[in-house]
Amino acid sequence: MSSKVKVCVQSEIGKLRGVILHTPGVEVERMNPTNAHRALYSDILSKEIVQQEYSYFKGTIEKVARVYEVEQLLAEALTKVEARSAVLDALCPASYPGLHEELLGEQPARLAKLLIEGVPLPRATLTDYLREERYAIPPLYNLFFTRDASMSIFSHVLLGRMASPVRFGEIAIMKAIFEYSDSVGAGVLDPGRSPMAGQIRIEGGDVHVVRDDVLMIGQGVRSNSRGVDFLIEELVRLGLDKPLHVLVQELPAEPESFIHLDMVFTLLDKDACMVYAPVILESPQYRTFHMEVQPGGATRIWQESDLVRALNNLGVLVAPIICGAKDDRWTQDREQWHSGANFVAFGPGQLIGYARNERTIEGLSKHGFSVFRAEDVSSGKVVVPSKGRCVVTLAGSELPRGGGGGRCMTMPVLRDAVDW
């Protein structure tokens with residue numbers, strides 16, 4: 001067995017070496033129009049089509065980095081009795097006391113699958129038989145958005161503190177992986193252990209590692225100020241060797257496409273970022289705060305004019321590329337809705353994003369990004385250059401309707417350092 005990979009992520013754009021993915025499975029079809037909204041979807045998805053589209057995405061990632069699948073990592077962790085007990089303690093409802101013991105005896109691979117796809121509700125009583133709810137442990141409908149429930153920050157992993165209870169199971173699973181898996185490991189920062197746990201909200205789509213001394217965090221419907229404060233307190237506790245700069249960007253509450261910072265802003269290269277201009281550059285309503293944290297914890301806070309200028313002032317000299325078409329608000333809105341600002345970098349200036357956002361891709365091309373199709377890269381028909389700007393475009397209809405892009409679907413655990 002290969003040695004355990006230790007988490008090390010100090011930027012959004014360093015060459016990607018290791019990443020956690022989850023191929024969508026049966027769980028995405030275990031919702032219907034009546035519960036889709038509760039599962040945080042605006043529509044139901046087809047598993048077959050989602051898996052076909054995702055295969056091009058995963059196939060592309062596999063060409064450039066080592067891929068770890070959540071289900072395999074979880075099965076590996078569950079070989080340890082203490083891991084099985086911890087996960088089942090977190091997920092089994094108290095109203096079914098026998099379920100814990102029943103699941104504890106399952107084989108690790110089978111248990112991992114059940115915890116992801118959902119554990120059916122026992123129907124031994126008339127009351128249970130008449131329940132509309134079908135699952136004692138609900139399916140993890142959103143698990144293929146692996147970024148949100150855990151996020152790599154330097155050499156540690158921060159567990160999410162999710163805004164919606166339907167995603168709580170993802171946290172328990174990712175915690176088990178990092179604490180018990182033999183393949184990947186990291187020190188875990190767990191907001192659930194905080195005395196303020198009930199008030200903390202933080203999700204990975206809002207947390208961006210810019211540099212070893214700069215973080216960006218979105219503050220909106222999924223992450224709040226308590227989440228920001230918790231993360232800073234933990235990093236101070238671990239020890240800072242220089243001042244840490246945390247840029248906090250306020251986000252709109254509506255529409256639902258604004259749920260995370262990475263839906264309106266992502267870093268692309270050492271000198272480029274993708275922005276949804278109406279929020280990031282044009283609206284004084286959504287403020288940008290700069291927190292300068294000293295190694296001892298003393299913190300100074302002030303307001304910046306906007307996120308791009310705040311980065312520039314810290315020596316991160318990025319220029320904005322506009323999601324959609326410049327000076328065309330209609331197209332900007334349409335493409336942002338389908339994750340047009342959401343890119344994942346697998347190296348400086350090397351990106352994956354959705355092909356359907358045609359004007360955004362055109363804008364990247366005009367800024368020197370060569371355009372390749374994910375189908376061609378994943379099949380080996382096209383080999384992406386090891387250096388130079390490029391964007392690999394992922395065709396599809398079902399994945400974008402899931403409400404997230406390439407960044408949402410990747411949880412990097414290892415990146416090369418960037419020479420800023």
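Colleague: How many of the six residues of strand E2 (residues 16-21) are buried?

Modeller: E2 is mostly covered, with buried meaning under 20% relative accessible area, exposed over 50% and partly exposed in between (1.4 Å probe, protein chains only). Keep in mind that this is a predicted model: local features need pLDDT of at least 70, side-chain atom pairs count only at pLDDT 80 or more, and totals for chains, interfaces and linings use all residues. Residues are numbered from 1 along each chain as its sequence is written, and side-chain values use heavy atoms, leaving out hydrogens and water. For E2, the number of buried residues is five.

Colleague: In what order do the strands of the sheet with E2 stand?

Modeller: Helices (H or I, at least four residues) and strands (E, at least two) are DSSP runs, numbered from the N terminus. Two strands pair if DSSP finds at least two bridges between them. E3 and E22 are the edge strands, each pairing on one side only. This open sheet of three strands has mixed pairing and the order E3-E2-E22.

Colleague: Which residue of E22 stands opposite leucine 16?

Modeller: Strands of a sheet pair through backbone hydrogen bonds, either parallel or antiparallel. E2 and strand E22 (residues 411-415) run antiparallel, joined by four bridges. Across from leucine 16 you'll find arginine 415.

Colleague: And which residue of E3 stands opposite valine 19?

Modeller: Here the strands run parallel, with four bridges joining E2 to strand E3 (residues 66-69). Valine 19 is opposite valine 67.

Colleague: What angle does the direction of helix H2 make with that of E3?

Modeller: Angles run from 0 to 180 degrees between N-to-C directions, and axes are lines fitted to C-alpha atoms, for helices over the stretch in contact. Contact means heavy atoms within 4.5 Å. Helix H1 (residues 47-64) packs on the sheet, touching E2 and E3, at about 150° to E2. H2 touches E2 and E3 too, and its direction relative to E3 is about 60°.

Colleague: Which residues of H2 are buried?

Modeller: Helix H2 (residues 70-77) is mostly covered, with six of its eight residues buried. Those buried residues pack against E2, E3, H3, helix H5 (108-117), helix H7 (168-180) and strand E8 (184-185). They are Val70, Leu73, Leu74, Ala75, Glu76 and Ala77.

Colleague: Are H3 and H4 roughly parallel or roughly antiparallel?

Modeller: Helix H3 (residues 81-91) packs on helix H4 (residues 97-104) at about 150°, with the axes 10 Å apart. Angles under 35 degrees count as roughly parallel, over 145 as roughly antiparallel, 65 to 115 as roughly perpendicular and the rest as oblique. H3 and H4 are therefore roughly antiparallel.

Colleague: How many nonpolar, polar and charged residues does that contact of H3 with H4 have?

Modeller: H3 brings Arg84, Ser85, Leu88 and Asp89, and H4 brings His100, Leu103 and Leu104. Ala, Val, Leu, Ile, Met, Phe, Trp, Tyr, Cys and Pro count as nonpolar, Asp, Glu, Lys and Arg as charged, and the others, Gly among them, as polar. By class, that gives three nonpolar, two polar and two charged.

Colleague: Is the crossing of H3 and H5 left-handed or right-handed?

Modeller: The axes of H3 and H5 come within 13 Å and cross at roughly 25°, so the two helices are roughly parallel. A crossing is left-handed if the near helix is turned anticlockwise from the far one by less than a right angle, and right-handed if clockwise. This crossing is left-handed.

Colleague: Which residues of H5 make the contact with H3?

Modeller: From H3 come Arg84, Val87, Leu88 and Leu91. By class, the contact has six nonpolar, no polar and one charged residues. The H5 residues are Pro108, Leu111 and Leu115.

Colleague: Which strands stand at the edges of the open sheet of four strands?

Modeller: This sheet has mixed pairing and the order E18-E19-E21-E20. Inside that order, strand E19 (residues 350-354) and strand E21 (residues 390-394) run parallel, joined by five bridges. Each edge strand has a single partner strand, so one side is left without a neighbour in the sheet; these are E18 (344-347) and E20 (370-373).

Colleague: What angle does helix H12 make with E21?

Modeller: H1 lies across E18, E19 and E21, at about 150° to E21. Helix H12 (residues 358-366) packs on the sheet as well, touching E19, E20 and E21. The direction of H12 makes with that of E21 an angle of about 165°.
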